[in-house]
Amino acid sequence: MRKAILGICCFVLLQFTALSAHAQEVVKIGLLMTYTGQFTEAATQMDNGIKLYMKQHGDTVAGKKLELIRKDTAGAPDAAKRIAQELLVNDKVDILAGFVITPEALAVSNLSVEAKKFMVVMNAATSIITTKSPYITRSSLTLPQNCEVLGTWAFQNGSRKVFTMVADYAPGQDAEASFQRTFKAAGGEIVDSVRMPLANPDFSAFVQRAKDSGADTIFVFVPGGSQPPALAKALIERGIDPSKIRIMGQGELSDEAALKAMGDAALGIITAFHYDYTHDSAFNKQFVASYNAEFKRNPDFFSVGGYDGMHLIYEALKATGGKADAEALVSAVKGIKWESPRGPVSIDPDTRDIINTVYIRRVEKVDGLVRNVEIAKVENVKDPGKERLKQ
């Protein structure tokens with residue numbers, strides 16, 4: 001009888017040990033994304049990039065199985081913070097990732113500090129985000145990278161008087177300040193500026209004000225998703241002709257949906273951005289083909305942010321042997337270099353932000369299709385805001 005009881009106890013102990021070992025073999029990633037609300041499309045595309053990377057590379061890294069826990073934030077910072085707390089306390093996630101918009105990333109950043117969790121920002125682009133926690137890295141972009149390059153290029157290529165119109169939240173303010181800084185430094189004049197409400201804006205009045213300002217160029221920033229097509233409609237309705245008044249902005253302004261909405265009226269729009277599905281590289285062509293085969297649509301910059309974000313997580317876990325300690329993971333990504341669909345990229349070891357090429361694009365008609373065409377580029381662009389802080 002004693003032998004039987006001892007045997008049962010040994011069996012239970014072995015089962016418990018096996019279960020514990022299994023639990024240790026899982027790395028949990030909490031994805032906080034705007035699956036509903038006005039940024040649903042952005043979350044869908046970002047998640048598609050994540051799914052494609054995992055399909056191509058498997059769901060096991062350094063002997064650890066990755067478990068993704070997807071949570072909808074609906075674009076609400078308070079909800080994002082609450083959900084992140086639940087992920088950390090209840091689900092015991094090892095890594096926080098996603099973050100379509102800046103307010104949500106900022107709301108969660110202090111939890112990354114308190115819980116000492118690695119956090120990968122796959123889109124939110126306001127410069128200050130990575131300064132809010134030593135455990136944050138970013139796989140997307142910063143607004144100053146694109147907009148400061150564009151401000152300088154605009155003056156060098158004939159713009160003299162600019163009207164700026166941006167969404168009134170941190171990224172829009174970042175874009176406005178960045179463009180204005182380098183444009184004015186080059187010798188240009190900002191004739192007027194306006195900030196538009198983030199939620200459900202009526203662009204018509206703002207576009208009319210820009211048209212009446214006497215500016216030779218209009219600089220625009222609105223978040224990606226549903227707003228660029230709506231802005232495109234307002235530009236058409238108010239008779240803005242890019243051949244007479246230059247229209248410039250970050251790449252959201254001429255994303256695929258906006259170009260479909262504008263058609264030939266978009267011809268001549270100038271943007272600065274880090275990615276377009278038409279980028280001419282062998283790796284991007286493979287990426288676009290795989291993406292189309294999987295999702296029956298083209299990728300966008302949200303897709304690349306998710307794809308590159310997963311690359312960072314995989315490579316960091318490989319470097320740590322599967323250890324999910326935040327200090328070890330963030331150390332592993334500092335200085336890492338790889339080939340992205342956008343081109344060569346790396347992580348700045350000082351700021352943990354992305355370094356990439358910024359492309360100046362003009363909307364042209366190619367083989368009967370309205371698309372972005374790269375006309376200039378600046379390589380190895382760091383976040384200029386953080387570079388100034390070093391001086």
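These legends describe close-up views of a predicted model.

**View 1. The cavity of the predicted model.** The structure contains one cavity of 30 Å³ or more. The largest cavity holds about 130 Å³ of space. Its lining counts 18 residues. Closest to the centre are Val100, Asn123, Tyr169, Phe221 and Glu252.

View 2. Nonpolar residues number 13 in the lining of the largest cavity. Four lining residues are polar. One is charged.

**View 3. Strand β9, enclosed.** Strand β9 covers residues 217-221. Five of its five residues are buried, so the strand is largely enclosed by the rest of the structure. Buried here means under 20% relative accessible area. In a regular strand, side chains alternate between the two faces of the sheet. Both faces of β9 are covered. Thr217, Phe219 and Phe221 lie buried on one side. Ile218 and Val220 are buried on the other.

**View 4. Pairing of β9 with β7.** Strand β7 spans residues 161-167. Five bridges join β7 to β9, and the two run parallel. Val162 has Thr217 of β9 as its bridge partner.

View 5. Strand β10 spans residues 246-250. Four bridges join β9 to β10, again in parallel. Phe219 has Met248 of β10 as its bridge partner. Between β9 and β10 the chain passes through helix α8, residues 227-237. This β-α-β crossover is right-handed.

Note on methods. Residues numbered from 1 in each chain as written. Predicted model: local features only at pLDDT ≥ 70, side-chain atom pairs only at ≥ 80, totals over all residues. Heavy atoms only, no water. 1 Å grid on protein atoms, 1.4 Å probe; cavity = no way out; pocket = protein on both sides within 12 Å on 5 of 7 lines; lining within 4 Å. Points joined across faces, edges and corners; volume = space filled by probe spheres on them. Nonpolar A, V, L, I, M, F, W, Y, C, P; charged D, E, K, R; others polar. Buried < 20%, exposed > 50% of the residue type's maximum accessible area, 1.4 Å probe, protein only. Pairing = 2+ DSSP bridges. Right-handed = clockwise from strand over helix to strand, strands pointing away.
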